[in-house]
Amino acid sequence: MDEHEYLAHLTVDGRKQLALDHLVGTASLCSSFAAAFDAEEQGQLAGIAHDIGKYADAFQRRLHGGPKVDHATAGAYECLKIQQPLAAFAISGHHGGLPDGGGRGDAAGTGTFWGRINRASRGKLEDYHAWQSELSLPQANLPAFAGKKLEGMFFTRMLFSCLVDADYTDTAAFINGCSDTPVPSSSMEELWRRLQSYIAGWFPPKGALNTQRCAILETCIQAGAEYEPSLFTLTVPTGGGKTVASLSFALAQAKARGMKRIIYVIPYTSIIEQTAQTFREILGDENVLEFHSGVLFDQQEDDASDQESNPLTQSAETWDVPVVVTTAVQFFESLYTCWPSKCRKLHNLAQSVLIFDEAQMLPLPYLRPCVWAIAQLVRHYGASAVLCTATQPALDSIFQEFAPDTSIREICPMAQGRWESFRRVSFQQVGTLSWADLAAHLQQQEQVLCIVNTRRAAREIFHRLFGPGNFHLSTLIYPAHRRRILDEIRQRLRDGLPCRVVSTSLIEAGVDVDFPTVYRELAGLDSILQAAGRCNREGKRPPEDSLVTIFQGEDPPPCLFETSIGAGKIVLDHCPDIASREAVHIYFSTLLDLKGRDAQDAHHILSLMESEFFPFRTVAERFHLIDSPTTTVYIPRDEGDELVDLLRNGQYSRALYRRLGQYGVSAYPQHLAALEQAGALEHLGDGSVVLRDVSLYAQDTGLTLEPGGGNALFIG
């Protein structure tokens, strides 16, 4: 190697990428990504400075097998010297993750930002100053809003996203010997044409209900074309066609305003399956990314070249597709994480339309941090946000606090008369029922849906039923299997055959089924009204003949539901019409008031960000919407058996993992441990977990969580 030749990367076949070329290439990409929020100069600076530590001889030895070297602190230190702390922070974490800020007095070498900076300021880094013979750092103005503390922390994470994506992309292009080829996708204009083709047959509408649905759809299309990006609500009664209506609004606005993509955020994976499938039918498979726990992989936070050479990391990290369907867990935890691979996609939220489906299900303990993040994206990053639900939560006051200059606009204001036209059921309360009594009630019905609060209760009630046409649904049944069961349920309903379904709440939001009567275990009012949406869905029977029965089960409610059930009881006891908009408003206002403001940020995320200097690592550790994270267990049945064999053979691809998601069941740690103990699991080399003993998966109730003893098998 020439003594003056400084390299960024060296491949196994001997190809070399100069540090200068990598920095210039990364800077160009980073600047173009940051342009979406008017931060091109910051992107240029972060890209140029991020790897100047590679000009150290120690790093050059690292390329030839030497020990690991901290090459990120040098660029952070140089940016801080020119009063660019946000770029410095982004650079400091671009391999190992964003650190906590710490304090100026932190000991040199500690893991905080200031600990690293102090190490550099005391001359404890390998000499890297050869960079100055090839480069100079550009001037970079900071957007005015980023000067405030909380806004600056959010901006740093967005700049960090641009840098990580640019770094990975440039590195991959060199290692692969060609520029990264984006996944083929269509323009917003083409997607708009496909939507128009899909809905063309709906006009002129037939029947009163379809006339109302088409009126809602047309209102959404007109609003999307007319309104500038902002903060919106879309309050549509259950059965009003809000999924396609909200997509129509988003596409109309994206086409009219040159917006980049549509992000659909859904509370549960079970709802994602149907929504993503609908969008694929409308827009084409290549334009829709389904992103949730079934298609995610543990990342090793190390060198960018290692990550990009891993086939598992190349497809789902960037969200650089026209339509993304994801869970609230993935969306919000990405906004508060500190890890490079999980932050890589964040800059693609700028200039996007964000649809929060079933917005009433934003988790109460994290409500304020979630609303604050939405407000940031709308105020400073050119995004539109739509809170889309049949039961609109009372979030106006929180949004006014975080975005006082942004008013909330309802996309589809509905007169009371039109709202009433969607009323299709009557409600009754029957008090406490034992599981035996409840099963007896269900047995007397030819067609009935019963929704309970726990998987255990669903199994117990189901096993008490007898005769033909009984079905069980829960997340212990893998998605492809659930879809087959739902198809059979719909067919029996159409044919007038006996059909008794006992389900957990997975069926009550977004699942298109139509029962003449529904039983719902006591829950929050939003859940009760969602369950009611499965009764007389098409309005073919009079409301008085379509009964939703609310009962209290024999088990105490799960702790997770206590607050919502308490608020629900207040409405049930005091509101004569629990389906009215007034009752819904009272419910959500009560829900927010029951435990007070502190309960809306139970882990003190926002106060921590206010009180400490950029505590990225601590915030990431605190912010987990699901406190007990699950592990996906793949079930090798039907096509799943063939797909698992492909995994065993190392044939990793985005398409494979998406297909495998249809054969996955999420298991909580205690259940996973029981399966491990029974020797029922197989661990593959990529980290995937497969059910080894398929006898533990029952045709009617899915995965058994209480197997016998044994030992697990580990492979790879």
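This is a predicted model: local features need pLDDT of at least 70, side-chain atom pairs count only at pLDDT 80 or more; totals for chains, interfaces and linings use all residues.
1. Now the seven-stranded sheet. It is open, pairs in the parallel sense, and has the order β5-β6-β4-β7-β8-β3-β9. The edges are β5 (288–291) and β9 (408–410); each has a single partner strand, so one side of each is left without a neighbour in the sheet. From one strand to the next, the twist averages 20 degrees. Helix α13 (residues 328–336) lies across β4 (261–266), β5, β6 (323–327) and β7, and runs at about 95 degrees to β6.

2. Why call strand β8 largely enclosed by the rest of the structure? Because six of the six residues of β8 (residues 384–389) are buried, the cut-off being under 20% relative accessible area. Both faces are covered: Ser-384, Val-386 and Cys-388 are buried on one side, and Ala-385, Leu-387 and Thr-389 on the other.

3. The partners of β8 are worth a look. Strand β3 (residues 231–235) runs parallel to β8 and is joined to it by five bridges, with Thr-233 having Leu-387 as its bridge partner. Strand β7 (residues 352–357) is likewise parallel to β8, again through five bridges, and here Val-353 stands opposite Ser-384. To get from β7 to β8 the chain passes through helix α15 (residues 367–380), in a right-handed β-α-β crossover. As for β3 and β9, they pair in the parallel sense over three bridges, and Phe-232 has Arg-409 of β9 as its bridge partner.

4. On to the six-stranded sheet, also open and with parallel pairing, in the order β10-β15-β14-β11-β13-β12. Its edge strands, β10 (426–432) and β12 (470–473), each pair on one side only. Ignoring direction, neighbouring strands are turned by 15 degrees against each other on average. Five bridges hold the parallel pair of β10 and β15 (residues 547–552), and Thr-432 stands opposite Gln-552 of β15.

5. Two helices to check around this sheet. Helix α18 (residues 435–443) lies across β11 (447–451), β13 (499–503), β14 (517–521) and β15, running at about 170 degrees to β14. In helix α19 (residues 455–464), the buried residues are Arg-455, Ala-457, Ala-458, Arg-459, Ile-461 and Phe-462. What do the buried residues of α19 pack against? The list is α18, β12, β13, β17 (664–667), α28 (669–677) and β21 (702–703).

6. Last, a helix pair. Helix α21 (residues 525–532) packs against helix α23 (residues 581–594) at an angle of about 140 degrees, with the axes 10 Å apart. Leu-525, Asp-526 and Leu-529 of α21 make the contact with Ala-583, Val-584, Tyr-587 and Phe-588 of α23. By class, that contact has six nonpolar residues, no polar ones and one charged.

Terms used. Residues are numbered from 1 along each chain as its sequence is written. Side-chain values use heavy atoms; hydrogens and water are left out. Two strands pair if DSSP finds at least two bridges between them. Helices (H or I, at least four residues) and strands (E, at least two) are DSSP runs, numbered from the N terminus. Axes are lines fitted to C-alpha atoms, for helices over the stretch in contact, and angles run from 0 to 180 degrees between N-to-C directions. Contact means heavy atoms within 4.5 Å. Buried means under 20% relative accessible area, exposed over 50%, partly exposed in between (1.4 Å probe, protein chains only). A crossover is right-handed if, with the strands pointing away from the viewer, the path from the first strand over the helix to the second runs clockwise. Ala, Val, Leu, Ile, Met, Phe, Trp, Tyr, Cys and Pro count as nonpolar, Asp, Glu, Lys and Arg as charged, and the others, Gly among them, as polar.
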